[in-house]
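Hi,

Here is the model I promised to pass on.

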Amino acid sequence: LVAATFLESRSRVRVAPLVSMTVHCATSAVVFTALAVGTGAAKPPAGTSFWVAITWLVVLSTFGGYGLYWLILRRSGVTEVNTLMFLMAPVTAVWGALAFDEPFGPQTALGLAVGLTAVVVVHRGNASRAPRPARR
């Protein structure tokens with residue numbers, strides 16, 4: 001993801017996020033299918049929970065997360081999009097506490113606050129440096 005981000009930012013040709021996602025997903029599918037076939041683990045489980053998990057992964061992670069990543073990258077730039085990655089751990093901690101009753105103590109809350117503060121500082125700093133429209 002990081003390598004693709006830097007390659008995208010240096011490219012002179014702008015590729016639509018849907019095209020980028022298609023290339024990355026197709027490449028991943030070929031690589032992981034080859035690995036599964038090579039290790040003899042290509043047959044997926046027949047259970048419903050497996051297919052629910054795959055659907056969740058494809059819809060939310062691939063189209064939601066990965067697609068949103070490329071759209072934000074296109075609109076905001078590398079620094080802004082990568083600072084948002086620091087929100088994954090706090091969101092996961094909140095999700096784990098709400099969905100799975102995992103502990104959410106003062107240290108977790110402090111970590112969440114520090115991460116959120118850092119993201120706000122970076123985004124506000126970049127917004128203040130943005131060029132202002134010319135006056136008429």
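Some ground rules first. This is a predicted model, so I kept local features to pLDDT of at least 70 and side-chain atom pairs to pLDDT 80 or more, while totals for chains, interfaces and linings use all residues. Residues are numbered from 1 along each chain as its sequence is written, and side-chain values use heavy atoms, with hydrogens and water left out.

The overall fold is quick to describe: the protein chain has six helices and zero strands, giving α-α-α-α-α-α along the sequence. Helices here are DSSP runs of H or I with at least four residues, strands are E runs of at least two, and both are numbered from the N terminus. Of the 136 residues, 17% are buried (buried is under 20% relative accessible area, exposed is over 50%, partly exposed is in between, with a 1.4 Å probe and protein chains only). The accessible surface is about 10,500 Å², and carbon and sulfur atoms hold 70% of that (Shrake-Rupley method, 1.4 Å probe; for residues, only the protein chains shown count as cover). Among contacts with a separation of 6 or more, 66% link residues 24 or more positions apart; a contact means heavy atoms within 4.5 Å.

The unreviewed UniProt entry lists "transmembrane region" at residues 15-38, 50-72, 84-100 and 106-126. Those positions are in the numbering used here, with feature names shortened, and the annotations may be inferred rather than shown by experiment. In the model, residues 15-38 are 92% helix and 0% strand, with end C-alpha atoms 33 Å apart. Residues 50-72 come out at 100% helix and 0% strand, with 30 Å between the end C-alpha atoms.

Now the inside. The largest nonpolar core consists of six residues, M21, Y66, Y69, W70, L73 and V81, and helix 3 (residues 48-76) gives the largest share, four residues. By nonpolar core I mean buried Ala, Val, Leu, Ile, Met, Phe, Trp, Tyr and Cys residues joined through side-chain atoms within 4.5 Å.

The largest pocket holds about 490 Å³ of space. Its lining has 18 residues, with G65, Y66, Y69, M85 and M88 closest to the centre. Helix 3 brings the largest share of that lining, 10 residues; helix 3, helix 4 (78-84) and helix 5 each supply at least two. For the method: on a 1 Å grid over the protein atoms alone, a pocket is an open set of points with protein on both sides within 12 Å along at least five of seven lines, using a 1.4 Å probe, and lining residues have an atom within 4 Å of a point. Points are joined across faces, edges and corners, and the volume is the space filled by probe spheres set on them.

Finally, some single residues:

- C25 is in helix 2 (residues 17-39) and is partly exposed, because its relative accessibility is 31%. Its C-alpha atom is 9.9 Å from that of Y66, 41 residues away along the chain.
- D101 is in the loop between helix 5 (88-100) and helix 6. Its phi is near 55°, a positive value in a residue other than glycine.
- A113 is in helix 6 (residues 106-128), with its C-alpha atom 8.6 Å from that of P90.
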